[in-house]
Amino acid sequence: MSDPIVTVQNVYHRYDQQTVLENINFNIEEGAFVGLVGPNGSGKTTLIKLMLGIEKLQRGNITAFGQPIQKFKNKGRISYVSQKANSFSRGFPATVKEVVSMGVIHNQRRFLPDQKKDQGLVKSALQKVNMEEYINRNIGDLSGGQQQRVFIARAIANNPKLLILDEPTVGVDSQNVEQFYDLLSKLNQELGITLVLVSHDIGAITTYVTDLLCLNRSIHYHGNPNEFESLTDEQRSILYGHQINTITHNH
Ligand SMILES: Nc1ncnc2c1ncn2[C@@H]1O[C@H](COP(=O)(O)OP(=O)(O)OP(=O)(O)O)[C@@H](O)[C@H]1O
């Protein structure tokens, strides 16, 4: 087995007097689809910011692709779609093509973009998220779900190895959420992109992810989502760190 893409060891984190992460330990293996779940304020965003090197590590160790996160040179290997990325208002003056191009130039940190190559990368990324026909449309004229697909295209334009998505279904209507998760499964299984999906919605993601991480300041559960599903609501609440009630879907 190859080395994990990310390792997190004994990580603690505080803001002012508040400890928000405590004794965090886990690895992310290549090809995994990790669901990171926990209630509001449980430390999910802080943890991924530490993994991205955006937030300064205070205590513990994190490596990405074998390098300490403090020294890690990303070179487009890790990509991130932040919370509320899909909130452009109607009339926002940028086309889908321009939005996806920003990802290409930004990640490669080039001074002189190679326009032909960039166009190829933009088109290919839009094809992967089934949005190529919208390439010349204004981003603000698309629905929340369509905008989110464009942001994923921007994030995968440079073929990252690891894609981290923070609450990507906020603003996506419920009819399109399932399709959206199917798209993420396709990116994971067909393109081999390792995924970390941050979500509140434990019920919705357990059928898609290969690893479940339940966080509430510390990690309460890390393992197979099927085993988590088979626990009682009470056991699951303890591991999730929050009240859980099973909802049965009758379709
Ligand atoms: N820059 C900051 N300065 C001070 N406190 C912060 C900062 N960022 C986050 N916090 C606090 O740290 C705790 C964890 O926040 P974080 O955003 O990591 O949680 P989360 O699980 O992502 O929450 P949500 O699901 O609501 O987005 C919260 O109590 C939050 O108010």
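This is a guided tour of one chain, stop by stop, for use in a viewer.

**The whole chain**

Start with everything selected. The model is predicted. Colour by secondary structure: the chain has 8 helices and 10 strands. Of its 251 residues, 36% count as buried. Now consider how the chain folds back on itself. Take the contacts between residues at least 6 apart in sequence: 69% of them join residues at least 24 apart.

**The two domains**

Colour by domain next. Domain 1 takes in residues 1-77 and 161-245. Domain 2 is residues 87-159. The domain centres, taken over C-alpha atoms, are 25 Å apart. Where the domains touch, domain 1 supplies 12 residues and domain 2 supplies 11 residues. Which helix gives the most to the domain 1 side? Select residues 174-189: this is helix α5, which gives 4 residues. By class, the domain 1 side that touches domain 2 has 8 nonpolar residues, 3 polar and 1 charged.

**The ligand**

Centre the view on the ligand and select its shell. Around the ligand lie Tyr15, Val20, Gly38, Asn40 and Gly41. Ser42, Gly43, Lys44, Thr45 and Thr46 also belong to this shell. Highlight helix α1, residues 44-52: α1 brings 3 residues, the largest share of the shell. Colour the shell by class. The count is 7 polar residues, 2 nonpolar and 1 charged.

**Glycine 53**

Stay with α1 and move on to glycine 53. This residue lies in the loop between α1 and β4, the strand at 59-64. Is glycine 53 buried, exposed or partly exposed? Glycine 53 has 17 other C-beta atoms within 10 Å, so it is partly exposed. Glycine 53 is in contact with both, leaving aside its neighbours within four places in sequence. Then pick asparagine 74. From glycine 53 to asparagine 74 is 21 residues in sequence and 9.6 Å in space, C-alpha to C-alpha.

**Helix α4**

Now select residues 144-156, helix α4. The helix has 13 residues. Draw a distance from its first C-alpha to its last: α4 reaches 19 Å, close to the 18 Å expected at 1.5 Å a residue. Why is α4 described as largely enclosed by the rest of the structure? The reason is burial: 10 of its 13 residues are buried, so the helix is largely enclosed.

**Two backbone angles**

Finish with two residues whose phi deserves a look. Most residues other than glycine have a negative phi. Select asparagine 10, in strand β1, residues 6-15. Asparagine 10 is not a glycine, yet its phi is positive, about 50 degrees. Asparagine 10 has 12 other C-beta atoms within 10 Å, so it counts as exposed.

The other residue is arginine 217. Look for it in the loop between β9 (211-216) and β10 (218-223). What is the phi of arginine 217? The value is near 70 degrees, positive in a residue other than glycine. Arginine 217 has 19 C-beta neighbours inside 10 Å and so counts as partly exposed. A residue is buried if 20 or more other C-beta atoms lie within 10 Å of its own.

Notes:
Residues numbered from 1 in each chain as written. Predicted model: local features only at pLDDT ≥ 70, side-chain atom pairs only at ≥ 80, totals over all residues. Helix = DSSP H or I, 4+ residues; strand = E, 2+ residues; numbered from the N terminus. Expected span 1.5 Å × (residues − 1). Near = placed C-beta within 6 Å. Nonpolar A, V, L, I, M, F, W, Y, C, P; charged D, E, K, R; others polar. Contact = placed C-beta atoms within 7 Å. Domains from an automatic or database assignment.
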